[in-house]
Amino acid sequence: MVILGAGPAGLVLGNLLLAAGIDCVILERSSRSHVQTRPRAGFLAPHTARILDRHGLADGLHRHGRRHGACEFRTPEGRFRLDYGALGEGVGHHVYPQQNLVTDLLRHYLDRGGRIRFDTEALAVHDADGTRPSVTTRGPDGRPTRWTARYVAGCDGRHGAARRSLPPDTVRHHHDHGVTWLGLLAEAPPSLDAVGYALHDRGFAGHMARTPDVTRYYLQWQRGTAADAWSEQRIWDELDLRMRAADHGPLHRGAFLERGLVDLACDVIEPLRHGSLFLAGDAASLLAPAAAKGANLAVLEAGILASALTDALTRGDTAGLDAYSDRCLTHIWKAQEFTGWMTRLLHAAPDGDEPAGSFFQAALRRSRIASLRTSRVHQEWFADNYVGV
Ligand code: APR
């Protein structure tokens with residue numbers, strides 16, 4: 001087995017295959033230190049925790065992760081709290097920075113004798129339509145190398161070699177929600193004991209805990225404006241304004257450790273299989289970050305693929321591989337639908353089909369928020385979709 005990419009998808013897949021006695025090598029473009037330190041997602045769903053628990057990969061999560069089960073919506077009509085962790089499945093998220101999870105997964109993978117090559121970029125996947133696919137790579141010394149295996153798993157994200165190696169008739173759905181976020185990592189303790197979603201005429205603002213000392217904030221941002229266009233002071237003042245600090249208390253401020261722009265766009269590849277090449281994680285589909293589902297979907301797909309590959313390689317049963325694409329696409333489209341709903345809830349006319357100030361869109365959003373605030377059935381639906389994948 002050759003696995004492209006050492007993110008959540010590639011490392012969960014590698015660990016599960018090793019545990020099943022299947023030899024694999026992970027080819028990772030970046031360095032080990034980069035993979036283990038880059039801040040990404042941090043909200044792990046119950047299903048993700050179950051997969052990690054089942055395979056002995058959840059030690060760090062249980063030691064350092066923190067339970068989380070509430071959202072706080074701050075809107076022109078007032079603030080309300082939704083304890084989603086007490087609804088639906090009755091469990092919330094684990095807050096555990098992804099770089100910590102990736103570090104844990106890597107340690108387990110190496111402890112189990114897993115092979116990985118860092119600073120090794122996959123350039124292309126060849127002969128995927130046959131039974132001896134191969135991957136050409138460029139290593140740290142710049143020399144090309146060819147890796148051959150029975151199957152190749154593309155867990156190398158939306159810009160990786162796996163996507164580039166798909167046949168021209170592959171369907172590539174793409175949707176731009178028309179919204180851009182300025183993502184911020186603040187050296188400051190969380191200001192709420194909930195995920196904060198602020199809906200404001202000036203735009204969306206978001207608050208998500210990462211650790212007791214670091215908090216992720218998002219500001220809806222004018223597309224085309226540079227991330228460093230505003231001073232820290234101006235950004236904190238805007239965050240306070242949109243999160244209605246005057247009514248609900250000021251945010252804990254600190255230096256911004258990281259700034260980055262993210263366009264809320266999404267895509268889905270169909271099918272997720274091309275012969276002996278399988279896609280998982282961001283290589284399979286990209287989700288807008290509004291509902292924190294990307295990493296959880298990546299782990300779910302890695303679990304499904306690991307089970308199917310194990311059946312095929314240890315028992316010659318390829319039914320799981322044949323069903324892989326359709327099975328994962330069902331979960332992907334469910335996640336895309338809810339993420340699209342959340343994006344429309346949090347932003348005025350995000351899809352650009354009407355002017356942002358359109359009365360009709362604003363009235364729809366107020367109605368959605370009112371349902372979320374008052375209807376138990378709607379809150380159950382939200383909880384089920386918010387933590388589920
Ligand atoms: N060759 C080898 N490795 C590559 C290549 C390549 N050509 N291109 C990308 N990579 C590596 C990246 O360096 C990265 O480590 O593939 C890995 C992909 O990891 P992620 O981007 O984390 O993607 P994935 O495992 O699918 O996890 C998806 O996790 O990062 C969060 O929320 C985020 O939705 C995302 C989710």
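**Reading a helix pair and a ligand shell**

Mentor: In this predicted model, the axes of helix α11 (residues 359-374) and helix α12 (residues 376-387) come within 6 Å and cross at roughly 95°.

Trainee: How is α11 oriented relative to α12, roughly parallel or roughly perpendicular?

Mentor: Angles of 65 to 115 degrees count as roughly perpendicular. The crossing is at roughly 95°, so α11 is roughly perpendicular to α12.

Trainee: Which residues make the contact of α11 and α12?

Mentor: From α11 they are S371, L372, R373 and T374, and from α12 they are R376, H378, Q379 and F382. By class, this contact holds two nonpolar, four polar and two charged residues.

Trainee: Let us turn to the ligand. Which residues around the ligand come nearest?

Mentor: There are 26 residues around the ligand, and E28, R38, Q98, A122 and D282 come nearest. The shell comprises ten nonpolar, nine polar and seven charged residues.

Trainee: How much of the ligand's accessible area does the protein cover?

Mentor: On its own the ligand has 710 Å² of accessible area, and the protein covers 92% of this.

Trainee: Which elements give two or more residues to the shell?

Mentor: They are α1 (8-19), β9 (121-126) and α9 (294-315). The largest share, three residues, comes from α9.

Definitions and conventions
Residues are numbered from 1 along each chain as its sequence is written. This is a predicted model: local features need pLDDT of at least 70, side-chain atom pairs count only at pLDDT 80 or more; totals for chains, interfaces and linings use all residues. Side-chain values use heavy atoms; hydrogens and water are left out. A residue is near a molecule or strand if one of its heavy atoms lies within 4 Å of it. Accessible areas come from the Shrake-Rupley method with a 1.4 Å probe; for residues, only the protein chains shown count as cover. Helices (H or I, at least four residues) and strands (E, at least two) are DSSP runs, numbered from the N terminus. Ala, Val, Leu, Ile, Met, Phe, Trp, Tyr, Cys and Pro count as nonpolar, Asp, Glu, Lys and Arg as charged, and the others, Gly among them, as polar. Axes are lines fitted to C-alpha atoms, for helices over the stretch in contact, and angles run from 0 to 180 degrees between N-to-C directions. Angles under 35 degrees count as roughly parallel, over 145 as roughly antiparallel, 65 to 115 as roughly perpendicular and the rest as oblique. Contact means heavy atoms within 4.5 Å.
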